[in-house]
Amino acid sequence: MASQRRQMMQSHQSWTDDLPLCEMCGVGTAPNCTYGPDGKDTQSHPNEDGHFRFRGEEGCFLYGVFNGFDGSRVSSFVSQCLTAELLLGQLKSTHTDADVRRILSQAFDVVEKSYFETIGDALAEKATIISQLPEGLSFHQLSPQSQKLSERLKDLEQEVSGGATAVVALIHNNKLYIANVGTNRALLCKSTSDGQNQVIQIGRPHTTENEDELQRLAGLGLDVSGLRQAALIAGQSSTRRIGDYRVKYNYTDIDLLSAAKNKPIIAEPEIQASQSLEGVTGFLLLMSEGLIKALESAHGPEQANQEMVAMVAAELAQQGTLEAVAQSVVERVKRLHHDVYASGRQRASHCSRHEDMTLLIRTLNYTLADGALTPTQGGRIYPVSVPYSNCPSSTSKTSVTLSLVMPSQGGTLTNGTNTASTLEEGTPTHTPSQSPTTTLHSTNNQTTQSSSSSSGDGGSLFRQRGSQAVQPDETGRVPPYVDFTQFYRLWGSDHGDFLGTQGSSAGLGPQ
């Protein structure tokens with residue numbers, strides 16, 4: 001069996017070639033990049049990310065984003081085999097939530113064991129070579145034959161090294177299940193019944209900043225304070241990962257992990273409680289760690305989720321395909337990251353390089369915009385620039401940008417997409433900025449973070465418009481689509497230093 005799996009990997013043959021791709025999904029990618037002082041950008045290594053997006057039987061859908069490290073071997077293997085463990089008849093419509101969670105967890109376990117089987121021969125050869133090499137000699141002191149063995153040993157080390165983190169989304173019986181191993185991220189954006197848009201981060205990254213993970217590691221006898229201080233474990237921030245043989249089986253040789261009573265770095269997924277998708281309108285985002293870190297490095301982590309959702313909503317309103325939407329968002333993050341580096345400002349030192357980036361978007365009853373529609377028909381998004389503080393001590397971004405979603409003919413606002421000829425629900429969408437009307441609150445400290453922005457009267461920057469044509473007043477003017485009064489008040493309260501030199505907030509509005 002191990003030899004068969006190894007042959008399939010070497011021939012790049014997929015076990016799931018016959019599974020149909022999901023057409024309600026788009027993927028965008030960008031390779032890693034290091035910015036040089038001469039202005040030349042270089043790629044440090046081949047792209048190590050992976051993903052899948054399949055449609056199974058009986059309304060079952062499976063999506064995944066994988067962040068590989070030290071090579072793409074593990075992410076490629078997992079993206080092939082995990083699908084085979086989940087979409088080839090294992091899931092039935094009669095399965096309960098508990099059944100689905102059990103099958104998901106077992107799939108990760110089987111896939112990692114299968115991967116280690118594929119490198120069994122390489123590990124055996126590695127052990128044999130180590131026993132044949134003389135100890136305490138440098139490479140140049142070795143005989144020609146031993147030098148060849150030493151070079152072969154390096155090749156084997158590369159072959160068996162590496163791992164991957166994973167975030168997997170399964171839609172089964174119209175319920176969403178998220179399984180996470182490591183540092184990728186899942187966001188669910190949906191319109192709620194009370195007219196709000198809710199952004200939910202499902203699960204938390206498995207790092208030494210995760211208190212639950214620290215408690216798990218402490219229970220194995222590890223020094224929590226040392227883990228916090230180190231932040232990285234064997235070169236990676238994740239406390240859960242797939243593969244990485246050296247950390248899994250030789251952890252006693254790693255100082256931070258040597259005291260563990262059992263394997264401290266595991267591939268067991270954290271599977272959150274299922275979310276019903278009945279009547280949900282919105283979209284699901286799966287993001288690799290590289291994409292998240294690039295945006296957080298450029299703008300800070302505080303509003304990263306809201307910024308990402310805003311960019312996706314903006315592109316959904318303008319692009320004709322989900323593939324174009326996802327790729328455009330990745331390109332926007334890439335440009336933001338590079339622009340911050342080129343600016344030489346406060347966060348430039350955090351943006352000298354970024355890792356591979358992958359974004360997967362799955363829409364939920366969310367229709368793409370029709371590029372032929374006019375702005376007021378299609379919910380197009382228009383950026384509005386406002387003054388910003390250039391004070392060095394200011395913690396705000398160097399610019400503040402809002403997106404104005406023009407109302408449809410149906411008279412209500414949307415979250416940046418043309419869902420139908422008459423749109424029923426809406427919420428203003430804010431492009432990357434620290435929005436004064438968006439607040440982040442935790443709905444469950446253990447599993448979920450969410451934020452919402454209201455579209456109700458008084459709490460919104462946008463005025464609802466009736467379905468009738470707007471008539472000009474006696475001066476020939478029509479009422480504005482947007483009321484900035486609340487925004488100027490909130491923005492002014494956060495930028496008092498700037499207003500002190502530029503005048504009162506009343507002077508910021510249109511005269």
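This is a predicted model: local features need pLDDT of at least 70, side-chain atom pairs count only at pLDDT 80 or more; totals for chains, interfaces and linings use all residues.
**View 1. The whole chain and its surface.** Residues are numbered from 1 along each chain as its sequence is written, and side-chain values use heavy atoms, leaving out hydrogens and water. Of the 511 residues, 52% count as buried, meaning under 20% relative accessible area.

**View 2. The largest pocket.** Here you're looking at about 1,200 Å³ of space, the volume being what probe spheres set on the grid points fill. A pocket is an open set of points on a 1 Å grid, fitting a 1.4 Å probe, with protein on both sides within 12 Å along at least five of seven lines; lining residues have an atom within 4 Å of a point. There are 46 lining residues, and Thr183, Ser237, Glu289, Lys293 and Glu296 lie nearest the centre. Helix H9 (289–299) is one of the elements giving two or more residues, and H9 gives the most, with seven. Helices (H or I, at least four residues) and strands (E, at least two) are DSSP runs numbered from the N terminus.

View 3. Three strands make an open antiparallel sheet in the order S3-S2-S14, pairing meaning at least two DSSP bridges between two strands. S3 (41–42) and S14 are the edge strands, each pairing on one side only. Two bridges join S2 (33–35) to S3, and Tyr35 has Asp41 in S3 as its bridge partner.

Conventions. Buried means under 20% relative accessible area, exposed over 50%, partly exposed in between (1.4 Å probe, protein chains only).
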